[in-house]
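Please look over the model below before reading the notes.

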Amino acid sequence: MRSKPSAESSNERASLPLTLSAIGALLFLHIPLWLIFLYSFTTDESAYTFPPPALTLKWIPQAIQNTAMQDTLFLTLRVAVLATVAALILGTLAAAAVYRFDFFGKEAISFMLILPLALPGIVTGIAMRSAISLLHIPFTFWTIVIGHATFCVVVVYNNVIARFRRSSNSMIEASMDLGANSFQTFWHVVLPNIGTALMAGAILAFSLSFDEVIVTTFTAGNQQTLPIWIFSQMLKPRNRPITNVTAMLVVLITALPIMFAQRIVAQTSDGEGGSK
Amino acid sequence: MSEPAILFKNVSRHFGEVKAVDNVQLEVKDGEFFSMLGPSGSGKTTCLRMIAGFDRPTAGQIFLYGQDVSNLPPYERPVNTVFQDYALFPHMTIEDNIAYGLMIKGMPKSERVKKANETLDLVRMPGYGKRKPSQLSGGQRQRVALARALINHPKVLLLDEPLGALDLKLRQQMQVELKNIQREVGITFIFVTHDQEEALTMSDRIAVFNEGNIEQVGTPADVYEHPSTPFVAGFVGTSNLIAGEVAQRITGSPKRFSVRPEKIRLAQMDDQIEGDMFVADGIVRDVIYLGLYTRYLVELEGGGDLVVIEQNLRTSSIDVTKIKNQKTRLLWKKEHVSYVGG
Amino acid sequence: MLNRISTYFYRRPRLTLALFLAPPLIWFLVVYIGSLISLLINSFFYLDGFTGQVIREFTLKTYAKLFIPTNLQIFLRTTVMALSVTLASIVIAFPLAYYMARFASARMKTWLYLAVTLPLWTSYVVRVYSWKLILAQEGIVSWFARLVHLDGLLNWYLSNETLGGPSLSVSPTGIFLVFLYIWLPYMIIPIQTALERVPKSLIEAAGDLGATPAQTFRTVLLPLAFPGVIAGSIFTFSLTLGDFIVPQLFGTSSFYIGKAVLTYQGTSGNIPLAAAFTMGPIIIMISYLLLARKLGAFDAL
């Protein structure tokens, strides 16, 4: 199926050392992920012995039934869903404003939106922490959501504005010209055209939120999202097998939708997927 | 109908300091094929966009068959537009694209599909209804865009350089077809272009735009034969402008005039001069053989150049080049001179 | 009805714009810019050592604390770590990026691109966690060292005071390796993008003018890939600078900027000092960005 090497590639061949270093770098990137899967099945409960003494499936049901794990998982999902919804609304509005209108400070908008993702996470985190302290805001579920939504906006914004820019400029005008008002134009023309971009943006925002630790550390108080729970398990390992399995689940929950999103983006040949 | 289809009363559109359209008066008659001709940035497209409703005048009023539409949004104006980039909706089939206006009006599905297919016949694309825009060629998209606008029976159809993206052959073919379709449907067409040949071929009347103003409005023959300003003389066809002392010597008046190159005849120095002719002597500086005809550049005595075009009826490329750097006499009828002012 | 509303807004584009822009703008101004300002404000307060209360009075005392030797050392240590991680990622990333840009077929390229970005999209904590498994005393590295009879060498290395520690999973070398692993894709992608943009004709031209492949690489490809390298280094440098998870998990007792910020705001409730500390990476990053802009890196972003 994967047939002959394509003819359009370079006629010269990569030298052996180059090929080996490239393969080495790829292995370096991927072996650790394989190990996560391997350790989910080890019988070793108290250490990270390699090679595993034996393999077992018994941890998987145990991990899934673990209530602490379940609680954090549900909290994380709720945060991610709400942050994604907020990011979708804010990101799409911002993209529409920047695309459709000319106004003073337009350039600054995209710069401001990308800041929370571009500056080291700790800056965003401690900044929010200091606002919480300065204004005596109590830590709640909502402080986490607000923090997450803030750095998720930019991925939605990037995807949507990229789609706008690739669409024909006059499509909206054409629709109005043919008798559709703004709402009809949005429903019949704009939405179908940015639909996949919204979908890709939503998936990216969701996994960004689902994985986040650094900002969350500063906005969560005593609540634990799944990544924070794993982090605390690493600091003081109490239940290694459960942590191993959870780690594997997290990889599956985030990596699969992302591969799906990449496909959407690739199919509609939309360049930008957000930078992180 | 006696009302003009479109009437501009002192219409201006300023973007900050830039006067895209500056105090324009314009009247387009009912059922006319009207072209707005001018270089890019001359204000022709802005005028079109103001008729469509995408832009609003900063001053003045626009009337559509007597109704002031200056402040109506596009979806409340009985005009439709064919866009330069066609602006077909990529997520819809050709059928749905064409029927879009009818769908918005609430026409039932079966009825509008039938109408869409009839309109596809009108633009000579029967059977293409189920395809997507991405599956069509540039020329075909062009026709679909036209059908999508025509199906709504607009009172005025606006065409924004619709042939710009097509290659020469297709463009010439479409020029003829557009004209035919316009005759068939009897709708007023307003056609924006920067191509003078296109405007001359298709239009009943032409408005020549320059820097936000209309320089001249008239029939193709008017505009071509009797340009009223130097700009029109230069933009529509080759400008052969002569002024000052040389003009005085030829016409007896220093007024600036223009004469079209094909009106001028290359004559022998001893040729008879008739009373209704102007005469000028000069030296042939350049000869360009172009097959069908030859272009000569003649430097007049006392200064100034004239371009002369003569058909190669009996001459060959070898003959014509012989007269390079020879002295020659130019003759043309007095009626072919336009005094262009400026 | 909808038509009327639509027309109302159509005639008032400014109002429509305001309606679109207000929600995201207000959100960011309040939540984000507001937070950054409160960070700045907090850094001018100070913590009363006796009562453990934050005193809300303007003072430069907190900033002065940054300049005591321990804290200066933290800045230095973090910057050195960020620099070494950056340099190492360039070395590892370049061959792969070069291979992707020059030798991979179109299909292979898509596949490789996915392979490089997939780890980026995999959970950050989990990827860190995987190195807990790898570097543990009983883990795969030690196992491999024993397998090839180099465990003596490993132990000798770990006994080195500046680089080693009780085990690889508690040592500066461990931190370095994990950082390198975590941020490597951020280096590969910009370099690959920069190399990709070099037209093939340019390389052929160099060859045509008599340059050997090695000379072409050095005189044509390397300078053109440089903006990509700088762009990548912005990521690796900035991310290393601000991270606290990795030093927390793999570090010995010595602090890094992120860990210090976390500790000050957390256990000791000294938000002013944490805030002042954060100004460090912000200033370092801004200078780095300015330098990068001068070197033309933003064209490659």
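The notes that follow cover the chains, the nonpolar cores, a helix, a threonine and some backbone features.

This is a predicted model, in which local features need pLDDT of at least 70, side-chain atom pairs count only at pLDDT 80 or more, and totals for chains, interfaces and linings use all residues. Residues are numbered from 1 along each chain as its sequence is written, chains are lettered from A and ligands numbered from 1 in the order in which they are written, and side-chain values use heavy atoms, with hydrogens and water left out. Chain A has eleven helices and zero strands, while chain C has 14 helices and two strands; helices (H or I, at least four residues) and strands (E, at least two) are DSSP runs numbered from the N terminus.

**Chain A**

- The order of elements along the sequence of chain A is α-α-α-α-α-α-α-α-α-α-α.
- The C-alpha trace of chain A spans about 70 × 65 × 30 Å along its principal axes.
- Of its 276 residues, 56% are buried, where buried means under 20% relative accessible area, exposed over 50%, and partly exposed in between (1.4 Å probe, protein chains only).
- Among the contacts in chain A with a separation of 6 or more, 72% link residues 24 or more positions apart; contact means heavy atoms within 4.5 Å.
- Chain A has an accessible surface of about 12,000 Å², and carbon and sulfur atoms hold 66% of that area. Accessible areas come from the Shrake-Rupley method with a 1.4 Å probe, and for residues only the protein chains shown count as cover.

**Chain C**

- The principal-axis spans of the C-alpha trace of chain C are about 65 × 65 × 40 Å.
- Chain C has a radius of gyration of 25 Å, whereas a compact globule of 301 residues would be near 19 Å. The radius is taken over C-alpha atoms, and the globule rule is 2.2 Å times the number of residues to the power 0.38.
- In chain C, 53% of the 301 residues are buried.
- Residues 24 or more positions apart supply 67% of the chain C contacts that have a separation of 6 or more.
- The accessible surface of chain C is about 13,800 Å², with 70% on carbon and sulfur atoms.

**Nonpolar cores**

- The largest nonpolar core has 158 residues, and those touching the most other members are Tyr124(C), Val128(C), Ile188(C), Leu195(C), Ile245(C), Phe250(C) and Phe277(C). A nonpolar core is a set of buried Ala, Val, Leu, Ile, Met, Phe, Trp, Tyr and Cys residues joined through side-chain atoms within 4.5 Å.
- Helix α9 (residues 172-196) of chain C gives the largest share of this core, 14 residues.
- Domain 1 (14-56) and domain 2 (61-267) of chain A both contribute residues, so this core lies between them; the domain bounds come from an automatic or database domain assignment.
- Beyond its neighbours within four places in sequence, Val128(C) contacts Met234(A) in chain A, and its partners in chain C include Val178(C), Ile182(C), Ile245(C) and Phe250(C).
- A second, separate core of 39 residues includes Ile6(B), Tyr65(B), Val69(B) and Tyr100(B).

**Helix α13 of chain C**

- Eight of the ten residues of helix α13 (residues 257-266) of chain C are buried, so this helix is largely enclosed by the rest of the structure.
- The buried residues of α13(C) are Ile257(C), Gly258(C), Lys259(C), Ala260(C), Val261(C), Leu262(C), Tyr264(C) and Gln265(C).
- They pack against α5 (121-134) and α9 (214-219) of chain A, and against α4 (69-102), α11 (213-242), α12 (245-250) and α14 of chain C.

**Thr278(C)**

- Thr278(C) lies in helix α14 (residues 271-294) of chain C and is buried, at 1% relative accessible area.
- A polar atom of the Thr278(C) side chain is 2.7 Å from the backbone oxygen of Ala274(C).
- Not counting residues up to four places away in sequence, Thr278(C) touches Val123(A), Ile126(A), Leu39(C) and Val261(C).

**Backbone features**

- Most residues other than glycine have a negative phi, and most peptide bonds are trans.
- Phe50(A) and Pro51(A) are joined by a cis peptide bond with omega of about -15°; Pro51(A) is in the loop between α1 (16-39) and α2 (59-65) of chain A.
- Tyr65(B), not a glycine, has a positive phi of about 45°. Tyr65(B) sits in the loop between β4 (59-64) and β5 (67-68) of chain B and is buried, at 13% relative accessible area.
- His153(B) also has a positive phi, near 45°. His153(B) is in the loop between α5 (138-150) and β7 (156-160) of chain B and is exposed, at 61%.

How values were computed
Polar contact = N/O pair within 3.5 Å; in protein donor to acceptor, adjacent residues only side chain to side chain.
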